[in-house]
Amino acid sequence: MPDKYLHAPVVVLLHGHSKTSEQLLGITGDPAPYKVWLDFAQEAQVLLIVPEGLYTSEDEKGWNDCRSDAPTNSIEDDVLFIDLLLDSVLAQYQADERRVYVNGTSNGGHFAIRLAQELPGKLTAFAAITAANATNSHCAPLRSESPYPPCS
């Protein structure tokens, strides 16, 4: 990684249920508004992370966003996955741990909300597109320092 990326901010983009990171970025399928992130990240010297959710019970990719009324979502420990992924990127690229942002759409947006609740000391800000905080939740926070009540 070139020196110009030292202490760079980190942006995590999360795809929706049944989508992929390539679809989110418009690399495959229809053009997507997130495609602008590729040029922006290079120009603004931002480390862009676009992880891929695991397969769900429907054999489609998605995130465990904690909604109990979305039974086809992933059951994996996706919070731990993102937590470890961020630790790795921050260490490997000496990124700026004070500027870590998450943006998700649909299932990815619900998961971004969950990440903000369970990793509050790790994220600077988040955006949830076409998503809202879950009314019915089934998860308990992984982090005891979370200022939010446990998911139930």
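First, the ground rules. The model is predicted, so local features need pLDDT of at least 70 and side-chain atom pairs count only at pLDDT 80 or more, while totals for chains, interfaces and linings use all residues. Residues are numbered from 1 along each chain as its sequence is written, and side-chain values use heavy atoms, with hydrogens and water left out.

Now the overall picture. The chain has four helices and six strands. Helices are DSSP runs of H or I with at least four residues, strands are runs of E with at least two, and both are numbered from the N terminus. From that end, the order is β-α-α-β-β-β-α-β-α-β.

How much of the chain is buried? Of the 152 residues, 45% are. Buried means under 20% relative accessible area, exposed means over 50%, and partly exposed lies in between (1.4 Å probe, protein chains only). The chain exposes about 8,100 Å², by the Shrake-Rupley method with a 1.4 Å probe. Carbon and sulfur atoms supply 53% of that area.

Next, contacts, meaning heavy atoms within 4.5 Å. Take those between residues at least 6 apart in sequence: 66% join residues at least 24 apart.

On to the helix pair. Helix 3 spans residues 78-92, and helix 4 spans residues 107-118. They pack at about 70 degrees, with axes 10 Å apart. Axes here are lines fitted to C-alpha atoms over the stretch in contact, and angles run from 0 to 180 degrees between N-to-C directions. Helix 3 and helix 4 are therefore roughly perpendicular, a label for angles of 65 to 115 degrees.

Which residues make the contact? Helix 3 brings D78, V79 and I82. Helix 4 brings F111, R114, L115 and E118. By type, that is four nonpolar, no polar and three charged. Nonpolar covers Ala, Val, Leu, Ile, Met, Phe, Trp, Tyr, Cys and Pro; charged covers Asp, Glu, Lys and Arg; the others, Gly among them, are polar.

Last, the loops. Most residues other than glycine have a negative phi. Q94 has a positive one, near 50 degrees. Q94 sits between helix 3 and strand 5 (100-105), and is partly exposed at 44%. S106 also has a positive phi, about 55 degrees. S106 lies between strand 5 and helix 4, partly exposed at 33%.

T28 is in the loop between helix 1 (21-24) and helix 2 (36-44). T28 is partly exposed, at 32%. Beyond its neighbours within four places in sequence, T28 touches T20, E22 and Q23.

How values were computed
Parallel < 35°, antiparallel > 145°, perpendicular 65-115°, else oblique.
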